[in-house]
Amino acid sequence: MQAKKLAAVAAAVLTMSMALAGRGVRDNSANEKDDGSLMQVEVFDGLANYQGIQKGWFAKMVKDTSSTPS
């Protein structure tokens, strides 16, 4: 009987600790206002054949997409 109570308490404690562990720390950086300035985005790809600042149509597309208001 004592072992069943101990197992039930252990299961309850384990369940509560797992539930609380999933909450984590909330990050409010997504709520900050956009100042409209350009930012540098670095993309790392093991299969890419180019490294460095993007130029041409892709850079223009990313710049135009990032400057459109949402």
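Mentor: One definition to start: the expected span of a helix is 1.5 Å times one less than its number of residues. Keep in mind that this is a predicted model.

Trainee: What span does helix H1 reach from its first C-alpha to its last?
Mentor: Helix H1 covers residues 2–21, which gives 20 residues. At 1.5 Å a residue, 28 Å is expected. The model comes close to that, with a reach of 28 Å.

Trainee: How many helices and strands does the secondary structure of the chain come to?
Mentor: H1 is one of the helices, at residues 2–21. H2 is another, at residues 57–67. The totals are two helices and zero strands.

Trainee: How many of the 20 residues of H1 are buried?
Mentor: Buried means under 20% relative accessible area. H1 lies largely in the open, because its number of buried residues is zero.

Trainee: What percentage of the 70 residues in the chain is buried?
Mentor: The chain exposes about 7500 Å². Carbon and sulfur atoms supply 60% of that area. Of the 70 residues, the buried share is 0%.

Trainee: Where is Gln-40, and how far apart in space are Gln-40 and Ile-53, C-alpha to C-alpha?
Mentor: Gln-40 sits in the loop between H1 and H2. Its relative accessible area is 67%, so Gln-40 is exposed. Gln-40 and Ile-53 are 13 residues apart in sequence. In space, C-alpha to C-alpha, they are apart by 9.3 Å.

Trainee: Is Asp-64 exposed, partly exposed or buried?
Mentor: Its relative accessibility is 34%. Exposed needs over 50%, and buried needs under 20%. Asp-64 therefore counts as partly exposed.

Trainee: How are the rings of Trp-57 and Phe-58 paired?
Mentor: The count comes to one aromatic pair. The ring centres of Trp-57 and Phe-58 are 6.0 Å apart, and their planes stand at 85°. Planes over 60 degrees apart set the class, so this pair is edge-to-face.

Trainee: Which residues make the nonpolar surface patch of about 430 Å²?
Mentor: Trp-57 counts as exposed, because its relative accessibility is 67%. Phe-58, in helix H2, counts as partly exposed at 35%. The patch is made by Trp-57, Phe-58, Met-61 and Val-62.

Conventions: Residues are numbered from 1 along each chain as its sequence is written. This is a predicted model: local features need pLDDT of at least 70, side-chain atom pairs count only at pLDDT 80 or more; totals for chains, interfaces and linings use all residues. Side-chain values use heavy atoms; hydrogens and water are left out. Patches are made of residues with over 30% relative accessible area and no salt bridge: like charges are joined within 9 Å, nonpolar side chains (Val, Leu, Ile, Met, Phe, Trp, Tyr) within 5 Å. Accessible areas come from the Shrake-Rupley method with a 1.4 Å probe; for residues, only the protein chains shown count as cover. A salt bridge is a side-chain nitrogen of Lys or Arg within 4 Å of a carboxyl oxygen of Asp or Glu. Helices (H or I, at least four residues) and strands (E, at least two) are DSSP runs, numbered from the N terminus. Buried means under 20% relative accessible area, exposed over 50%, partly exposed in between (1.4 Å probe, protein chains only). Rings of Phe, Tyr and Trp (its six-membered ring) pair if their centres lie within 6.5 Å; planes under 30 degrees apart count as stacked, over 60 as edge-to-face and the rest as tilted.
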